[in-house]
Amino acid sequence: MKQGRIIFLNGVTSAGKTSIVEALQEREDIFFYVVANDLFQEMVGEKYLRENYWKYLSDVIIMMYHTAKLFSEHGKNVIIDGILVERPEIAPHYEQLVEILKSCPLDIVEVYCPLEICKKRNIERGDRYETQSEEQSVLMAKNIEYSMKVDTSIYSPTECADAIVKELFA
């Protein structure tokens, strides 16, 4: 069976990852299942997240990668809506992702947006704090091998989705 592709959208909060996911899922030509940090975080009770946020989040992130691998092995295309952060609880995060998904067709897409715009988006959203994107940018893994980059300050989510499909599914 042909494996499904895994597209990891990597970027800080409010960079536009989820908007791109929604645009990709609106397409008629390619179907994607979605796994996301936010969805997997909901698997952990609030009590445990308050108690040791990074320990439990790290556990479910690794399980999310195994879930994406399972979908791929069954011929399903997958989008991972996440962020590759380097924290002691999950380090080396990027290397773990690559190791878990080494047998799968994996493309990592950098979802870029200037931090000042992310800050404004965080304020408008109301469910993120103002400096959250900046704090995450400091924690992001370095030396990631990206397949491509999209800039959501220049292009709409639909334009970014079109570029991803054109570049990675040509």
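A quick word on the ground rules comes first. Residues are numbered from 1 along each chain as its sequence is written, and side-chain values use heavy atoms, with hydrogens and water left out. Because the model is predicted, local features need a pLDDT of at least 70 and side-chain atom pairs count only at pLDDT 80 or more, while totals for chains, interfaces and linings use all residues.

Let's start with helix α1, which runs over residues 17–26. (Helices are DSSP runs of H or I with at least four residues, strands are runs of E with at least two, and both are numbered from the N terminus.) Which residues of α1 are buried? They are Lys17, Ile20, Val21, Ala23 and Leu24, where buried means under 20% relative accessible area, exposed means over 50%, and partly exposed is in between, using a 1.4 Å probe and protein chains only. These residues sit on the same side of α1, because they cover an arc of only 165° around the axis; the arc is that of the directions from the helix axis to the C-beta atoms. An α-helix has 3.6 residues a turn, so residues three or four places apart point the same way. The buried side of α1 packs against strands β1 (6–10), β2 (33–36), β3 (78–82), β4 and β5 (148–151), and also against helix α7 (157–168). Contact here means heavy atoms within 4.5 Å.

The side chain of Asn10 reaches the backbone nitrogen of Leu84 at 2.6 Å. That is a polar contact, meaning a pair of N or O atoms within 3.5 Å; within protein, one must be able to donate a hydrogen and the other to accept it, and residues adjacent in sequence count only if both atoms are side-chain atoms. Leaving aside neighbours within four places in sequence, Asn10 also has contacts with residues including Lys17, Gly82, Glu110, Met140 and Tyr146. Over in β4 (residues 106–112) lies Asp107, buried as well at 9% relative accessible area. A polar contact of 2.2 Å ties the side chain of Asp107 to that of Arg5. Beyond four places in sequence, Asp107 is in contact with Arg5, Ile6, Ile7, Phe8, Ser147 and Leu168.

Next come Arg121 and Ser14. Arg121 belongs to helix α5 (residues 115–125) and is partly exposed, at 23% relative accessibility. Ser14 lies in the loop between β1 and α1 and is buried, at 7%. How far apart are the C-alpha atoms of Arg121 and Ser14? They are separated by 6.0 Å, although the two residues are 107 residues apart along the chain. With neighbours within four places left out, the contacts of Arg121 are Ser14, Ala15, Gly16, Cys113, Thr152 and Ser153.

Ser14 also shows up for its backbone. Most residues other than glycine have a negative phi, and most peptide bonds are trans. Ser14, though, has a positive phi near 70°, and Asn143 has one near 60°. Asn143 is found in the loop between α6 and β5 and is exposed, with a relative accessible area of 74%. The peptide bond from Ala91 to Pro92 is cis, with omega near -5°, and Pro92 is in the loop between β3 and α4 (93–100).

Finally, the pockets. (On a 1 Å grid over the protein atoms alone, a pocket is an open set of points where a 1.4 Å probe fits, with protein on both sides within 12 Å along at least five of seven lines; lining residues have an atom within 4 Å of a point.) The largest pocket holds about 760 Å³ of space, a volume being the space filled by probe spheres set on the points, which are joined across faces, edges and corners. Its lining has 34 residues, with Thr13, Asp38, Arg128, Gln132 and Gln136 nearest the centre. Helix α3 gives the largest share of that lining, six residues. The second largest pocket has about 150 Å³ and 13 lining residues, of which Val12, Val111, Tyr112, Cys113 and Met140 lie nearest its centre.
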